[in-house]
Each structure stands twice: as C-alpha cells, then as structure tokens.
Amino acid sequence: MIKAILIFNNHGKPRLSKFYQPYSEDTQQQIIRETFHLVSKRDENVCNFLEGGLLIGGSDNKLIYRHYATLYFVFCVDSSESELGILDLIQVFVETLDKCFENVCELDLIFHVDKVHNILAEMVMGGMVLETNMNEIVTQIDAQNKLEKSETFIFQSPRQDR
Amino acid sequence: MALKMVKGSIDRMFDKNLQDLVRGIRNHKEDEAKYISQCIDEIKQELKQDNIAVKANAVCKLTYLQMLGYDISWAAFNIIEVMSASKFTFKRIGYLAASQSFHEGTDVIMLTTNQIRKDLSSPSQYDTGVALTGLSCFVTPDLARDLANDIMTLMSHTKPYIRKKAVLIMYKVFLKYPESLRPAFPRLKEKLEDPDPGVQSAAVNVICELARRNPKNYLSLAPLFFKLMTSSTNNWVLIKIIKLFGALTPLEPRLGKKLIEPLTNLIHSTSAMSLLYECVNTVIAVLISLSSGMPNHSASIQLCVQKLRILIEDSDQNLKYLGLLAMSKILKTHPKSVQSHKDLILQCLDDKDESIRLRALDLLYGMVSKKNLMEIVKKLMTHVDKAEGTTYRDELLTKIIDICSQSNYQYITNFEWYISILVELTRLEGTRHGHLIAAQMLDVAIRVKAIRKFAVSQMSALLDSAHLLASSTQRNGICEVLYAAAWICGEFSEHLQEPHHTLEAMLRPRVTTLPGHIQAVYVQNVVKLYASILQQKEQAGEAEGAQAVTQLMVDRLPQFVQSADLEVQERASCILQLVKHIQKLQAKDVPVAEEVSALFAGELNPVAPKAQKKVPVPEGLDLDAWINEPLSDSESEDERPRAVFHEEEQRRPKHRPSEADEEELARRREARKQEQANNPFYIKSSPSPQKRYQDTPGVEHIPVVQIDLSVPLKVPGLPMSDQYVKLEEERRHRQKLEKDKRRKKRKEKEKKGKRRHSSLPTESDEDIAPAQQVDIVTEEMPENALPSDEDDKDPNDPYRALDIDLDKPLADSEKLPIQKHRNTETSKSPEKDVPMVEKKSKKPKKKEKKHKQKERDKEKKKEKEKKAEDLDFWLSTTPPPAPAPTPAPVPSTGELSVNTVTTPKDECEDAKTEVQGEEDDAEGQDQDKKSPKPKKKKHRKEKEERTKGKKKSKKQPPGSEEAAGEPVQNGAPEEEQLPPESSYSLLAENSYVKMTCDIRGSLQEDSQVTVAIVLENRSSSILKGMELSVLDSLNARMARPQGSSVHDGVPVPFQLPPGVSNEAQYVFTIQSIVMAQKLKGTLSFIAKNDEGATHEKLDFRLHFSCSSYLITTPCYSDAFAKLLESGDLSMSSIKVDGIRMSFQNLLAKICFHHHFSVVERVDSCASMYSRSIQGHHVCLLVKKGENSVSVDGKCSDSTLLSNLLEEMKATLAKC
C-alpha cells in the first residue's frame, strides 16, 4: 500500500499532497515538513530510499523519492510495495505529467494542482496502484478533459488559459 | 431562471479562480496568512450563492488551501453539494475535495450515500470512475456496508476502466466492512483471470494485500497464482505475485519447492532489476521456509548471494541498498554464506550514504565472531568519533551494544575490554542512549562476577569525573550512566580501592543537579559504601576514622534532604536519622559496623524480565472464577434487596474447606514457599536453596582471571579499549604457540584430538579461549515457568477482522445488504451482472427448504474439503526436484483412455466421493468432523497412514491404497525410504575441481537445452581463468558469444576461491533430439596458490540423454485421453523384471530422472506424460506386476520413444 504521495519543491513548499490515511491538517503539514527535512539534506547521488519517517509511522514504512530539478516526488509506502517498482512508478508519473502538460515545470504544478490530482487518480487509487501503462493513463485523462470541454460553454468556461 | 444563470456567470467572471488564488498568494509573500483569510471570506460568500459553478470554483480553491494546511471541514456540506452536480467538471472537483478532506469523523458523510450510489450506476463511465476514486479515500464502515453490493456489481461492468477501479476499491470496502469479504470473494477470484490486464493486475493487487495480512486463507489460490506467474508478462503483476508467494511459502514448504525452479529461471532471464530483486527475495523466503531436503539448496543460496553481491557492488546506490537489505534476510538462516562477503559489507560502512551505512550495520550483527569482534567494534568506534549526525551516532551506539551483547555475550572474550568500550561510549555527548549503556554496565557487573573488581574501579573513576558529565546534564541522557556507576560502586563496594574517595565523590554538591532518580540511587548507595567503610575502619580499630566518616555523612546528607524530588528526600531524611543514631552509638564506643552492614547483606540476583509473568498459576486456582457468585443481571436489586445476604449465608458452608482440602492447602503452601524462594524481592529468613547454590560454587568456581593477562594494574582515568585489542592479539598468539607445542606433543603421542585440526592459518572460533573464564549468571526464572510465547498479536489490528475463512460456503445471513426498492430503478446497464453468489443465496427463502439447505451445506463442506485437497493435488502433480512426487488420485475405473471431458478436478472429486462411499470408515469420519484447516488434517492422516502401513501386508504397495482414497501428501512416510536425489550428475573430477551437471530443456526456445555445470573447487588454490571448450557435433552446438569461433573456449564467468562451488550455465542448440549423444569437452583453468600458478586441464563428456530433452509438463487427463485417441502416435513397450521397489517410488524415479509427470494413477497402474523441447508428446502407461514393471509408450516419434524406453529400462534395472 502507498500511504502518502507528496510533491514539494526545494524549499519544502508543498505542491501536492495526497494522504491515503486520514490525518488532521496540522499533522499533514508536520509530515510534509519532516519529510522535506529528511529528504532535502540528502546528497544527490545517494540511494532513493529512506527509513524512519516518524510520523507516517511504523518500521514497515519507507520513503521512496526522486528529485527532479526543483521538485521532490516522495512516496511513502509499506513493505508490500516493491522499492524499485515504486521508483519506476514515480518515473511514469513524471513522464505522464510531462505528456499532459507538455514539458512540465514546477509552475504547471503550482497553478494546476487539481489536474495533477486527476492524473494521479488514474494511477493510484486509495493507496493501491491502479494503472502503470502511461498510454492508458493519458488516454483516460484526455477523454475526461474532452468530456469537460464539451460541458463548458462560453460563460461558464473557467479561465484556465491564462 | 436563464437570466439568473447568466447573471451568476457574469458574477463569476469577477471571482478569483484557482489560478488567481495561487497568484495572489505568491504576490503576498509577507502577509500570506492575512491574504488567505481574506480569500476564505470570499470563498464563504461564494459558497452561499446558488450557482453551482461558483460553488465548484470555491471548493476547488478550498482544496488548494487544504494542501497548505487550512482546515476546510466547515465546508463539508458545500463539498457534497458540488459532488452532486450533474456536470462531470464540477462533480470531479467535489469528489476531489471530499477525498482530500473527508474522514470517518465527518458527520455529513452519510448524506453522500445515495449520491454515490447514483453516480456508481451512472451511464457515464467517468462519473462512476470519479465516484469510485473519491470513495476509495473516504469510505466509512457505513458507506462500505451500504455500497458493497453496488460496487460488487460494478466488478462485472462491461468497461474494464470501471472494473479495475471497482476491484481495487473492494479492498477498502473489506477493511471497513469485513462481512463483505466472503460474498465478494468468488467474484474477486474470477477477476484474476479477467481478459483485461489492468483488471487482472488490480485483482492481484487486492488479493496480495489481503493475503499479506492473513496468508493462510489464501493458500488455495496458489495454483492460480502459479499459473499467472508463469504466463504473465506484466512486471507489476509478477512482482506482486512473487511477493505474495514470499508470504505464502512459510505456510506451505511444498509450494516453495515448486517455486524454486521458475523463480530461478526468472532470475536468469529477466532484465528488469525490480523483478530480479523480488525473485531473489522470494527465493530467500523459500529457502528460509525449507529447512533442508533440497538437493540444489546450496546452489540456490549461492545464486542469491551471488546476485546480491552484484547488486551491492553496483554503482547505483539503490541497488546497493536493496542488496544489503536482502542480504540481511539471508543472514538469519544462512549466516555462513553471508559471512564470506564481510569485506564488502565493511566497505559499505564507509559509504557516504546513511541509508546504506545503516543497512550494513544491520548485517554486521551477523558477521561477528569471537575472533573479529574487537576488530569490528574498533572500526565502529572510529565511526562513532567521525559521525556527524546524532541519529547515526546513536544508531552506531545501539549497534555496538547489540553486537556485543547478542546471545548472552557469546562473542565477548574479554569483559574488561567491553567495560572499557562502554566507558568510552560515555564520552559521547548528546546521545539519547545513556540508559542503554547504563543497563549494559549493570548487567555485565551483576552477571559476570569475575569482572566486578574491574568494573568497580572503572565506575569509581566515572563517579570521580562526574563533573564532566554533570556539566551538561539534563540536556542529554548520558548522565544515566551515573545511575549504573553509583549502584555498582555501592553494591560491590568491597572491591573498591579507595572507598573513602568514592564516597566523597558521591557526596559532592554537584550531584544535586542530577535528575531525581539518579540522586535517589546515589543516596542509597552512599549508605552501602558507608557501611563497608565503617566495617573496614572498625576492623582496623580506627575508631576515629569511623567517626570521621559518620561526620562526613551527617554533614553532606542534608543537601539531599532538601531535594525537591520526593524519593530523594525521603531516602535522605531516613538515612540521615539512621546515621545520626549511629553517631550517638559511636560516641558511646559501641561497635556498629556489623549491624549497619547487615542492612545490605545478601546478594541481588538477576531476574529475567518476564519472570513475574511466567510464574505458573498454582493448580486448582482459577483466576477467572468468581470468588462469590455474581448477582445475576436479570434480577434487579430493587426487586430483591435481601436476597444478597440470604444467599451468601447459604453458600458459605459450601466454601468451608473440607478435610480433603487440607492436602490441597498444604500443597498450595508448599507452592507458595517455592515461589517466594524464587522471588528475589521476597525477603527471606534464611538463604533460599537456589541462592546457596549460586553462592557456593560461585566464588571458587570462577576460574580466576588468567595471570598472563597483562591488564594494566593501575587503571587510568578513562581506559583505552584499543590496548585490549593488542593485548588480545598477543594473548591469542601465545595461546596459539602453546597449542602448537601441544599439538606437536600430541603428534608424538598419537593422541586423538577431535577439535584441533586447525592446520590452516586461521583459527576457528572455538579455539579462542576467553581471557577470563566467565561464569555468566543466567537470569532467574520461576520454577516450572511456562514456556509460553507471548501473543504478540495486537488486538487492535484492523486487518485481524479480515482473517476470514474464505472456503466456507456462504450462509444466507451473509449476503450483502441490497437497497431493494432502489435496485430496480437504478440497475440499468449492469443489470445482467447480478452477482451469481447472490442468486445462489437468494434461492432458499422459505422454511420448507431448510432441509435442502442442510444438504447443500453438506455438499459444500465436502467441496471445501476437496478444495483443500486440490491444493495438495496441485502441489504434488509436477515433481519437485528432490523428494519423490506423489501421483494424483484417479478414479477406480482405471482405464487409461478415459472418455470423460470433465476437468481433472471434477474427476478426482468424483473419485473421492465414490471411494468414500465404499470403503474406509475412518476416512469417512474424518469427513464428518471436517477439520477447518487442511494442515491439521494432513497431520492426522499421516499418522493414520503410518499405522495403516504397518498393518498392511507387504504384497500391496502401500502407496496405492492411500492414493485411491486420498491424494497422498508430499512427505508422507513411505517416501522417506527414497534417499534424496540430485538431478546433478557427476561430469568429471580431479584433485582440483569437481564438475557436476544438469541438463534442462527450455520450452521457450525450442531445440535448445541449458546445461548447468556446477564447479566445485576442492583444492587450496584459487582457480581462475577457467574456460570450457566443447567440440561441437553436427547435431549439437554450443551457443558461443558472438564473434568467437568454434574452437575457442567459452570463459566461465567467475573465479573459485578454495572450497567454493558455483554454477555456470551454457546453452546448446540441438538439431535432432530423437537420439542421445555425447559431446567431448575440456575445462582448462589456472590454479594459483602461494607457491605459484599452474595450468590445468580436465576432460569431460557431456551426455545428452533423450530424457534430458523432455520437459516436465503437467497434462490433464481429458487432454491426455484425446491425445491417445488421436491415433497419430507410434507405440512401443518394454518390460523389466526383478523390481522390488514400491510403485510409488518407482513413479517418483521416472518423474525425476526422465522428467515425466503423472496424469493418473490407479492401484499399480499409472499414466504419465511428458513433452520434448521440440514438442513431441510422450505418453506412458506404467504397470506393475508381481516383480516386474512394464512400460508401454506412445510418442509422435518412434525413434525418440525407443531410445527413451531404453534409458528408462536402464533406470528401472537399478531399482
């Protein structure tokens, strides 16, 4: 099971947080802070696994992360997940974002966190991996976006284009 | 209305959307909080509007704010409003917000039930999808109960997109509403074979999660998963399944045996590191679960360790980390194979990556021996000095202590060294583990009697330098060490060199800055010290000295009396009064020392931490029984207030002990005495027998510290542990010299020596005698303590509720709640998918059907039994490499060409019922009792079989009869007769190397066989530069690396240190497989030792028998029958006489050596099947007569068949 998925930047600003276990807002912030603290002090060329995130608790759990440019993608998982598998999953996630946003950068995530959530929802559901095939994910996302577009007419169009 | 909408939309134009909000926050960096609170006010206004678009926009912004840590639970109702919007755009926003902020405590969540149900049955798949996604995050027990049936329906939706989501969410539903597991399980299982890979993957995912928590319930799915594993190409699914098998194997060792081969194949073939790693992990799990009995057991371990070493040596830190992680699993069961990689692991300790260092530390635990403990700890100590972060340093500290104290200080040869290490560790500032060090000091000082003198001297030095520690107290935990120091100095004060000095150190004013509990110990131990000083002085006749000490006490104790800590204060004032009293007595010249020391007479023995728990409940005492009968609940007190007294009087006589009870009482008294004797906290009038036991042999028994141990007599303030390393080396050297001398003498005398054969330069562990012969006092336990394992299970574990027997038939009460009146109107598209289970359970509605139901229940019970046996069947069809496989049960009709078209499963069920009807009451009873776990049953059966086997006459082979009744379990007694065999046969050997090989066909590449050659170095030289050259024939060619010619040798990809064996695999391409053939080859290598290197050769002949081209392929009897009927197989037969081996073992031999699998077996007749790598079918009918065996074979190639039969004849002739 995946317990939580966090994205934050090099300064620890959260860009996406998805918890698959209920936590209060304060605890969530604390977890993000702590995770950032743990992850950020690690060198670039060390391994991507980290034990001992105290809050998401349990010795069973591990942090698996990747660092892309200004962003950290952190997955907190328990022992039923394959470590290397999750690393691949993060890669798929980022590549999917790249496809959906066309050269994704931090700004895309900042302004369209809802879209990122929607993409993530096609990959991971309730803490379990739903789909790992990028083409399938992109197809579903596109279809939903199309559906959304067909629903909007001029006055109701959310001004997303700015 | 339209106008209003337009107006709303225009309003909206001026609202902030999410992007504006984000931009705004970024522009208000200084007063972010203020800006956000402004925005929240705006959002509150927006939420009050009727326009759903405005609301959705507001909720969208709230979701963002939630991420920043703002509580949005107040908007829960608005979120639900947005969720119920008809437009997908808004619905999605609503569900996202709900998934981010709803939890079980959200009170409005129950309002969503109907909305979600509506969305689930929406014609748009994305509405359904978004509802499922959202629900997966906030499902509550109520929602799970109400929606379980709807979701289950969706599991059979026409769109795979919905199916996979529905399957996945079921896990969450199970967690919240465990009752749904059993009704939903059949369908979930069905989804394992869904045509869509995504759905399949989801089902695997869910079952893996379920099985991880309660593996035993899912064992019956093993065959299905096995099939998936061998057929699936999706690495995700494979990883999950392989992980699942890792969880299942501990429960079923036979499964492990079956797994080894495909897993090994995967390890060799896969290019995905993630898959390779999980395979290795599961192989490790299998090997752990199989204690022994695997022929290529060590080869598998070797393979794992080899692969892991490659991972660890990789430059990718991730692989390095995982390699170490997996290595630590092997360490637990096969420490030897890991120990050979000590160099690598020590290297990892220096890695710059903390995660890797930590993993390496874990491994170190298993690396230590008596020989290298000091060296390793020394290395760790240098790391402690270098470590920058406190967490890592603390980890090091605990590891050092763990390593040293493991298995009762097994590896410590010199406790003085250990004490010095502990003292050195106290120099660490800011560690959290002061109490750990303290506990170790106490433990060692109490349990290792010989070390007390040294320990006391060290501790007094510590107390003396207490100002060092006290200077930065409170902040760090290291001052805990003083707790131990004070206690040791006090308790063992007789060993103190200068007790007076220590006493003064303990009475320093600085001490009052220590934490209360430490001061309390100080106070108590000051008195102990005082008592011993008093005695010394009085014995020496120094009355003045004694009085001076008393004066010191009277002067200094008041500082403790003023302590804020109650404990300290109490003890101090009590003792102060005592000392004052003594002072009075001393003034009168009364000798007091005796009486004061009597206060602390006796010795404290270590007590095991669980001792109290383990005290057995005396016989006849029922702790749960009421002493007085409780008042029954039905009668309220108001009604019969008097009854209480009345009844009590009546009852009393009953409780009066009768004469017979006197005995009982005496016995109890005795038991209590025993208990008290064992209880160290119970103050005894006379020394208990146990204590006497420990006292008497104690002192004389401890062989005193060896004199040659040149411990510095003058103990420096803080000792250096390093010096012990040198000392230890010298000591060992001396010991070795002595031993050599002895050995020489022994040689002359020609005496037998069992252990001392260490002619090698390295000495084995046992040879190192400890510096002090240490009598490690074991911790006391009460007599006849119960060896109970604490149930570690957490009663609050949410997964415990899912521990449900899935094979039991469904009862009526278990069907999922259905919203009936709604069902008709909502079930549009998925109508045809009404779950089958449900239909089944709906049928027996009326009372009249009760009887039928009973019958059905019975049937189901039987079915269930069969299911369990199906697993056995599956586990035993294809022969595992080592022990003999057991053939499956067959119908008693016994014809080979069975015309049924049913699946083999059904067939064997038929067979079972038939047989059960006819014979064997015992078995029938078994059925009736219906033990819920097949395992237990198996056990019982085995016993039965054993007894039966004895009774039966020897004419009938014991296997046959049981096989007719039940599938025989692997590991059934008769198989024990068969010695474990290896599929590896000897190829060639000389003094340097031994070659064994196994030839395996592979189905993927037709016409190719893999030859696995195990090379074992039996010399003391390193073998390297090994090359294998094989002369190709027209028919068989060795696959060589590209560009190399036919005459070049193929290098062996490893070197062999002395005593090591390893496996190399080569692929050969075979043109025609109908004939056996031999290939000549040579192994050339360089043997290098201290004296030099020589070039050596070893010739061998590879024998490709026809059997080696066969691949064990299971075949169902219907397919088998069709095959025989088809008529395009040629036939041939042989007969071998003089066979005494049981049929069972005979079949096993054929299976093992010739790669056949049993299709059916009846009495002494069996049909077998195999397939060649080129796709020839080979069918056999094996019949056993009195003393002979006849084999009829049918095969699509007659030459192949006749050659095979010849080979078989040779095998059988040996039987």
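Select B:K91 and B:D119 to begin: they form a salt bridge whose closest N and O atoms are 2.8 Å apart. A salt bridge here is a side-chain nitrogen of Lys or Arg within 4 Å of a carboxyl oxygen of Asp or Glu. The pair links distant parts of the chain, with B:K91 in helix α6 (residues 88–101) of chain B and B:D119 in helix α7 (residues 112–120) of chain B, 28 residues apart. Both B:K91 and B:D119 are buried; buried means under 20% relative accessible area, exposed over 50%, and partly exposed in between (1.4 Å probe, protein chains only). Helices (H or I, at least four residues) and strands (E, at least two) are DSSP runs, numbered from the N terminus.

The model is predicted: local features need pLDDT of at least 70, side-chain atom pairs count only at pLDDT 80 or more, and totals for chains, interfaces and linings use all residues. Residues are numbered from 1 along each chain as its sequence is written, chains are lettered from A and ligands numbered from 1 in the order in which they are written, and side-chain values use heavy atoms, with hydrogens and water left out.

Next, select B:R309 and B:E313, whose side chains meet in a salt bridge (3.0 Å, N to O). Both lie in helix α17 (residues 297–313) of chain B, 4 residues apart, about one turn of the helix. B:R309 is buried, at a relative accessible area of 18%, whereas B:E313 is partly exposed, at 46%.

Move to chain A and select A:K3 and A:D78, which are joined by a salt bridge (3.9 Å, N to O). A:K3 lies in strand β1 (residues 2–9) of chain A and A:D78 in the loop between β5 (71–77) and α2 of chain A, so the pair ties together parts that are 75 residues apart in sequence. A:K3 is buried at 10% relative accessibility, and A:D78 is buried at 2%.

Now display both chains together. Where they meet, 67 residues of chain B are in contact (heavy atoms within 4.5 Å) with 67 residues of chain A. The two chains bury about 6,300 Å² between them, 53% of it on carbon and sulfur atoms; this is the accessible area (1.4 Å probe) that two parts lose on being put together, summed over both. In chain B, the residues that lose the most area to chain A are B:M67, B:R92 and B:W236, together 12% of what that side buries. The interface holds 7 salt bridges. To view a salt bridge between A:E81 and B:K240, select their side chains (3.4 Å, N to O).

Continue to helix α29 (residues 499–506) of chain B, where B:P499, B:T502, B:L503, B:A505 and B:M506 are buried. They cover an arc of only 160 degrees around the axis, which puts them on the same side of α29(B); the arc is that of the directions from the helix axis to the C-beta atoms. Among the elements covering these buried residues are α26 (452–464) and α30 (516–540) of chain B.

Finally, select B:H1155, in the loop between α48 (1143–1154) and β12 (1157–1162) of chain B. Its phi is near 60 degrees, a positive value in a residue other than glycine. B:H1155 is buried, with a relative accessible area of 18%.
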